[in-house]
Amino acid sequence: MKKILLPVLLACSVTTMPAFAALLHTSGEAKLVVIADQVQLDLHASSLAKTASDAKQQVDQVVKVTQSNLAGLLTDSDRFEASQLQIQAEYKYQDRERVFVGYRAQRSIIVELANLDGLTQVLDAAMLSGVNEVRNLQYKSSQEDQHKQQVRSMAIADSYVKAKQLADGYNGQLGPVVEINYRNQSAIPLMKIERVSMAAADAGASSYQAAQLTYNDSVDVSFELLTEE
């Protein structure tokens, strides 16, 4: 009897071992420097008188004159706002005894300028109106929200670049994001104010150059780092 040998086909399956996932931690950081185009002035008016009514009348007059003098310098986009009156008795010590000096009346004036071109003129007019002190100049940008979004995107991009470089350095592949810790450091921009030289000021230039606003942002990110076992 003749035996017939039939070929036997064996089905072979190739199993790929799953990639082993480690964690890769990195931080993305970014800084954006822009030129301010707006400013908020914090002005202070104060008066001391023997009676409360006189002190109030004097400080109210300063506010009234200031508003009148600035009226021709402000536009519809600017803002002028005066605070409520604050008044208190003031004393001094003489021969170890407290002696009444008078009543101190105070009001704050906030002026917001949508354009920096008139800053010097506004400051001069305010001081000539009897304002006692310019307490603060807070420079701003009309595009602050856009700048914050831009610097945030820059920080995110920086985190990806660093993570990709690390993954390549360890012969691995960058996997999905596991965790994000957003620190949002751009809420309060840093401010730099530069004065021009005296020679430039004498030539008629503004006494201040445009302020620089520095926005910072950062984000901590954890990725899966895929490597072959």
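This briefing walks through aromatic pairs, salt bridges and the nonpolar core of the structure above. Please keep in mind that the structure is a predicted model. A search of the whole structure finds three aromatic pairs and 10 salt bridges. The largest nonpolar core has 40 residues.

**Aromatic rings**

- Among the three aromatic pairs found in the whole structure, one joins Tyr91 and Phe100, whose ring centres are 5.6 Å apart. Their planes meet at 70 degrees, and an angle over 60 counts as edge-to-face, so this pair is edge-to-face.
- Phe100 also pairs with Tyr103, again edge-to-face, with 5.2 Å from centre to centre and 65 degrees between the planes.
- Through these ring pairs, Tyr91, Phe100 and Tyr103 are linked into a cluster.
- How accessible is Tyr91? Its relative accessibility is 39%, so Tyr91 counts as partly exposed.
- Phe100 has a relative accessible area of 33% and is partly exposed, and Tyr103, at 29% relative accessibility, counts as partly exposed too.

- Side chains of opposite charge can pair when their charged atoms come close.
- One of the 10 salt bridges found in the whole structure joins Lys56 and Asp60, whose closest N and O atoms are 2.7 Å apart.
- Where do Lys56 and Asp60 lie relative to one another? Both belong to helix H1 (residues 52–70), and because they are four residues apart there, about one helical turn separates them.
- Lys56 counts as partly exposed, with 39% relative accessibility.

**A network of salt bridges**

- Arg79 forms a salt bridge with Glu81, with the closest N and O atoms 2.2 Å apart.
- Arg79 counts as partly exposed at 29% relative accessibility, and Glu81 counts as partly exposed at 44%.
- Glu112 forms a salt bridge with Arg79 too, and here the closest N and O atoms are 2.9 Å apart. This pair links distant parts of the chain, as Glu112 is in strand S5 (residues 97–113) and Arg79 is in strand S3 (residues 79–82), 33 residues apart.
- At 25% relative accessibility, Glu112 is another residue that counts as partly exposed.
- Which residues are linked in a network of salt bridges? Arg79, Glu81, Glu112 and Lys140 are.

**The nonpolar core**

- In soluble globular proteins, nonpolar side chains tend to be buried together.
- Within the largest nonpolar core, the residues with the most contacts are Val39, Leu41, Val111, Leu113 and Tyr139.
- Several elements give two or more residues to this core, and they include strand S1 (20–35), strand S2 (38–49), helix H2 (119–128), strand S6 (133–140) and helix H3 (144–169). H1 and S5 are also among these elements, as is strand S9 (212–227).
- Which element gives the most to this core? S9 does, with six residues.

Terms used:
Residues are numbered from 1 along each chain as its sequence is written. This is a predicted model: local features need pLDDT of at least 70, side-chain atom pairs count only at pLDDT 80 or more; totals for chains, interfaces and linings use all residues. Side-chain values use heavy atoms; hydrogens and water are left out. Rings of Phe, Tyr and Trp (its six-membered ring) pair if their centres lie within 6.5 Å; planes under 30 degrees apart count as stacked, over 60 as edge-to-face and the rest as tilted. Buried means under 20% relative accessible area, exposed over 50%, partly exposed in between (1.4 Å probe, protein chains only). A salt bridge is a side-chain nitrogen of Lys or Arg within 4 Å of a carboxyl oxygen of Asp or Glu. A nonpolar core is a set of buried Ala, Val, Leu, Ile, Met, Phe, Trp, Tyr and Cys residues joined through side-chain atoms within 4.5 Å.
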